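Work through each task first, then compare your steps with the solution.

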Amino acid sequence: MYVSRGLLLIFVVDSADHNRLPEAKKYLHRLIKINPIIPLVVFANKQDLKTAYHITDIHEALGLSDVGNDRTMFLFGTQVTENGSEIPSTMQDAKDLIAHLATHMQ
C-alpha cells in the first residue's frame with residue numbers, strides 16, 4: 001500500500017544470513033513490482049561478520065541486475081562500529097544520499 005505512494009524504497013538485508021537471502025529476494029522483487037520507478041536503496045548489513053556475503057554476492061543473491069534499467073538503485077555495505085557510537089562513513093554517505101533523493105523526488 002505504501003510503496004505505490006513512496007518516494008524511495010529502503011531495503012535492509014542481513015549479509016550473514018545466507019539461508020534467508022532467497023526469501024529476501026522474493027519480497028524485494030514483490031515490493032519493487034508495485035512501483036517500477038521508485039528509487040531503491042539496499043543496505044547489506046553485518047558486513048563486519050566473517051560469515052557475511054561480500055557486497056557483490058548480495059547483488060547477485062538479490063537479483064539486483066533484474067530491477068530494471070530505469071530504476072535508480074544503490075547498494076551499501078553496512079555494519080555497526082565496534083563501540084556502536086560512531087556512524088560509519090558509508091552510513092553517513094547513505095544518509096546524505098537518501099536526503100538528496102527525498103528532496104528531489106517531491
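**Exercise 1: a salt bridge across the chain**

Asp14 forms a salt bridge with Lys46, with 3.0 Å between the closest N and O atoms. This is a predicted model, where local features need pLDDT of at least 70 and side-chain atom pairs count only at pLDDT 80 or more, while totals for chains, interfaces and linings use all residues. Residues are numbered from 1 along each chain as its sequence is written, and side-chain values use heavy atoms, leaving out hydrogens and water.

Task: Where do Asp14 and Lys46 lie?

Solution: 
- Step 1. A salt bridge here is a side-chain nitrogen of Lys or Arg within 4 Å of a carboxyl oxygen of Asp or Glu.
- Step 2. Asp14 sits in strand β1 (residues 9-14) and Lys46 in the loop between β2 and α2, so the pair, 32 residues apart, links distant parts of the chain (strands are DSSP E runs of at least two residues, helices H or I runs of at least four, numbered from the N terminus).
- Step 3. Asp14 is partly exposed at 24% relative accessible area (buried is under 20%, exposed over 50%, partly exposed in between, with a 1.4 Å probe and protein chains only).
- Step 4. Lys46 is also partly exposed, at 33%.
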